[in-house]
Amino acid sequence: MEKHYQYFNRDISWLSFNHRVLLEADDDTLPLYERINFISIYSSNLEEFFKVRVAEHRAVASGGKSEDMTIPQAKALIAEITSIVNQQLEDRIRIYEQKILPELRRNHIVFFQSYQEIGEGHRAFIHRFFMEEVFPYLQPVKIEEDKVRMFLRDKRLYLAVRVRTLSEGKYEHFIIKMPYIKVSRFVELPRVGEDYYLMFLEDIIQANLDEIFIGYEVVCSYCCKISRDADVFVDDVPAEQMVAELKEKVKKRKIGAIARFVYDRNMPSDFLCFLMQVFHVDEEELVPGDCHLNLEDLSHLPSPNPSVESLKKPLPLCLKGLDMPHYMFRRIAKRDLLLHYPYHSFDHFIRFLHEAVHDPLCSEIMITQYRVAEHSEVINALIAAAQNGKKVTVFVELKARFDEENNMATAELMRKAGIQIFFSIPGLKVHAKVALVLRRNQKGEQIRSYAYISTGNFNEQTAKIYSDIALYTCNRIMVDDLHNLFLYLRKELDEPHFKRLLVARFNLLPELKQLIHHEIWLARQGRVGRIVLKMNALQDLGMIDELYHASEEGVQIDLIVRGICCLMPGKTFSQNIRVTRIVDSFLEHARVWYFGNDGNPKLFLGSPDWMRRNLHRRIEAITPVLDKDLKQELVDMLQIQLAANWKACWVDSELHNLFKRTSHEPKVRAQYDFYQYLLQKGDAEVRLPRE
């Protein structure tokens with residue numbers, strides 16, 4: 001029998017999510033610079049999307065191998081992506097030009113967009129600033145067809161200039177790299193009365209091109225940029241060889257194949273065709289943009305007017321008594337501990353490590369590293385532990401995209417400090433976010449030890465903006481399961497067995513299917529079948545089919561999926577499934593799974609999304625939450641998110657983001673309301689962030 005299920009395409013679904021990010025810039029209730037920041041995030045997301053996903057599709061469209069699609073399918077998908085991105089550009093321009101710029105002016109911040117609107121006083125400043133601060137760093141390069149061509153670097157903004165010779169009237173063309181390393185992209189002009197003035201550096205350069213091209217008539221100039229393939233594929237080779245390969249391939253990331261050529265859409269077609277020929281750009285690689293590109297830079301836009309309202313995010317909570325000696329170990333010994341970052345401070349985990357450093361009975365620390373901060377306090381604590389005589393083992397995942405160099409550098413730093421380093425497993429990524437503190441008595445016998453299983457990275461910087469959940473426990477079964485996982489990663493155990501921990505590629509998928517099938521069985525018995533799944537992405541078709549089947553059998557399913565969701569709601573086979581998306585001040589990053597179990601719910605948290613890669617090609621760790629009160633805490637969190645009618649939307653059968661806002665119901669803003677929920681529990685207090 002032919003399967004009647006349908007699915008969204010992964011990349012088209014992601015574009016729907018990114019459009020939802022852009023819509024935050026359209027929200028008049030947000031502080032102005034928070035809205036500007038969402039334009040930056042939208043642009044940055046899109047940049048990475050083209051450099052990774054679209055670059056991969058272009059490789060297939062050019063004849064590369066793929067198990068997922070044919071050459072015609074790849075070409076059709078690229079065309080659909082381009083069409084959607086062009087539609088979103090119209091939205092982005094509307095929001096920026098018709099809402100953001102006027103709002104800046106209302107706040108006495110004038111962002112000059114053209115030279116014509118600048119008064120004489122500012123023109124003199126701009127000319128002087130150009131001659132003294134900018135001109136020395138400009139190096140125009142003449143470009144000609146069929147001549148040695150200039151290489152355009154990844155993500156760099158360039159100004160393409162057309163001039164006419166005064167003697168012969170012939171067109172000549174030049175390319176100028178914007179000198180952002182030397183000069184800020186946003187230039188603050190002299191204040192006049194109550195008004196502050198800003199200007200893009202490229203606009204200042206364009207206003208003074210006559211100073212560069214003396215003896216020419218400047219005809220026109222337009223910005224352009226190239227995004228290059230940034231994916232790094234490493235063969236399945238031994239770890240030490242993998243390090244060498246990665247070092248070479250990361251170096252070549254900036255010279256990868258063209259993923260897109262973005263240009264000012266006001267550029268004349270003959271000028272664009274000329275640039276395509278000079279830089280060997282194919283038509284399908286063209287992506288029109290606004291006159292100002294690289295708007296991810298808006299995250300650095302100066303805010304010269306101190307009276308402009310800024311976003312007041314919740315201050316991190318710290319458990320009362322955290323500064324007391326051995327507090328974390330004593331607290332976890334009493335009962336399992338659940339912390340929610342960034343509502344709770346990540347300082348708790350740093351304190352947890354430091355207690356291990358100074359505990360005379362701590363014999364060994366084991367931890368995974370996927371993404372860590374630069375100048376990481378986590379790494380410093382591990383080094384301190386090694387110097388204090390502890391055996392420290394760190395499994396470093398070298399293949400964490402865009403963090404390869406940082407991971408290699410920190411691995412070398414730790415190795416020099418005496419830490420035992422294990423690198424990537426060929427053919428796998430280790431994405432689990434786990435740590436283990438083993439303690440032994442004087443006889444060498446294992447005594448109370450501590451396990452940590454989280455949804456987020458050991459990164460104190462992203463822990464301030466990503467919403468994640470971590471379980472601290474000294475449950476002996478969980479400790480032993482986690483120890484077995486680390487023994488497997490250290491190649492000391494070939495076939496690990498887990499009693500409670502769910503680990504991808506071992507016992508995760510069978511257990512997940514069994515949990516879903518039990519809810520189906522309950523529904524068939526006329527009882528309540530209930531599933532709530534919170535994650536970043538849902539793409540694995542096998543697991544989506546399980547959810548479709550559960551829906552057909554009457555199981556009520558709510559999905560809280562931030563990003564990619566290939567499951568299609570609103571169809572006959574998914575009529576009992578609802579998809580909620582939340583985009584707000586913090587990046588929703590936690591993975592929590594709820595199965596009703598006939599009134600005795602089972603709850604899990606851990607590192608994987610339901611992507612094919614997570615479930616089949618990675619090592620992921622998921623823990624059941626056993627403590628009754630902590631289970632209720634997670635249930636309450638999920639209920640708050642499902643009740644949200646502010647910053648939450650439904651995803652419909654056409655991938656539209658339908659806001660849940662209602663005028664007659666009390667406002668529920670999930671992130672801020674959950675923070676208040678944690679504050680009202682009374683076991684934590686506000687603590688100002690450390691500088």
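What follows is a set of questions and answers on this predicted model.

Me: How do the axes of helix α1 and helix α2 run, roughly parallel or roughly antiparallel?
Reply: Helix α1 covers residues 10-24 and helix α2 covers residues 32-61. Their axes come within 8 Å and cross at roughly 165°. Angles over 145 degrees count as roughly antiparallel. The two helices are therefore roughly antiparallel.

Me: What is the handedness of the crossing of α1 and α2, and how many nonpolar, polar and charged residues does their contact have?
Reply: The crossing of α1 and α2 is left-handed. Residues of α1 including W14, L15, F17 and L22 meet residues of α2, among them F38, I39, Y42 and F49. By class, the contact of α1 with α2 has 11 nonpolar, 4 polar and 5 charged residues.

Me: How do α14 and α15 run, roughly parallel or roughly antiparallel?
Reply: Helix α14 spans residues 508-524 and helix α15 spans residues 541-552. Their axes come within 10 Å, with a crossing angle of roughly 10°. Angles under 35 degrees count as roughly parallel. The relation of α14 to α15 is therefore roughly parallel.

Me: Which residues of α15 meet α14, and how do the residues of this contact divide by class?
Reply: From α14, the residues taking part are L509, L512, K513, I516, H517, I520 and R524. On the α15 side they meet M543, E546, L547, H549 and A550. The residues of the contact divide into 7 nonpolar, 2 polar and 3 charged.

Me: Which residues of helix α8 are buried, and what covers them?
Reply: Helix α8 runs over residues 269-278, and its buried residues are F271, L272, F274, L275, M276 and V278. The cover over these buried residues includes the strands β2, β3, β4, β7, β8 and β9.

Me: Which residue just after α8 takes a positive phi?
Reply: The phi in question is about 55°. The residue that takes this value just after α8 is H280.

Me: How many aromatic pairs does a search of the whole structure find, and what kind of pair do Y341 and F346 form?
Reply: The search finds 36 aromatic pairs. Y341 and F346 are both buried. Their ring centres are 5.2 Å apart, with 70° between the planes. Planes over 60 degrees apart count as edge-to-face, and the pair of Y341 and F346 is edge-to-face.

Me: How many residues apart in sequence are the parts that F352 and Y472 tie together?
Reply: F352 and Y472 form an edge-to-face pair, 5.4 Å centre to centre with 75° between the planes. Both F352 and Y472 are buried. F352 lies in helix α10 and Y472 in strand β18, so the pair ties together parts whose separation in sequence is 120 residues.

Me: Which residues form one aromatic cluster with Y341, F346, F352 and Y472?
Reply: Those four residues belong to one aromatic cluster.

Me: Which residue does a cis peptide bond join to Y341?
Reply: The omega of this bond is about 0°.

Me: Is K155 buried, partly exposed or exposed?
Reply: K155 is in the loop between β2 and β3. Its phi is near 65°, a positive value in a residue other than glycine. At 37% relative accessibility, K155 counts as partly exposed.

Me: What is the relative accessible area of H326?
Reply: H326 is in the loop between β10 and α9. Although H326 is not a glycine, it has a positive phi of about 60°. H326 is partly exposed, with a relative accessible area of 46%.

Me: Which residues is Q556 in contact with, leaving aside its neighbours within four places in sequence?
Reply: Q556 is in strand β21, residues 556-561. At 30% relative accessibility, Q556 counts as partly exposed. With those neighbours left aside, the contacts of Q556 are G529, R530, I531, N576 and R578.

Me: What separates the C-alpha atoms of K628 and P601?
Reply: K628 is in helix α17, residues 628-643. At 70% relative accessibility, K628 counts as exposed. K628 and P601 are 27 residues apart along the chain, and their C-alpha atoms are separated by 9.9 Å.

Terms used. Residues numbered from 1 in each chain as written. Predicted model: local features only at pLDDT ≥ 70, side-chain atom pairs only at ≥ 80, totals over all residues. Heavy atoms only, no water. Axes fitted to C-alpha atoms, helices over the stretch in contact; angles between N-to-C directions. Helix = DSSP H or I, 4+ residues; strand = E, 2+ residues; numbered from the N terminus. Parallel < 35°, antiparallel > 145°, perpendicular 65-115°, else oblique. Left-handed = near helix turned anticlockwise from the far one by under 90°. Contact = heavy atoms within 4.5 Å. Nonpolar A, V, L, I, M, F, W, Y, C, P; charged D, E, K, R; others polar. Phe/Tyr/Trp six-rings, centres within 6.5 Å; stacked < 30°, edge-to-face > 60°. Buried < 20%, exposed > 50% of the residue type's maximum accessible area, 1.4 Å probe, protein only.
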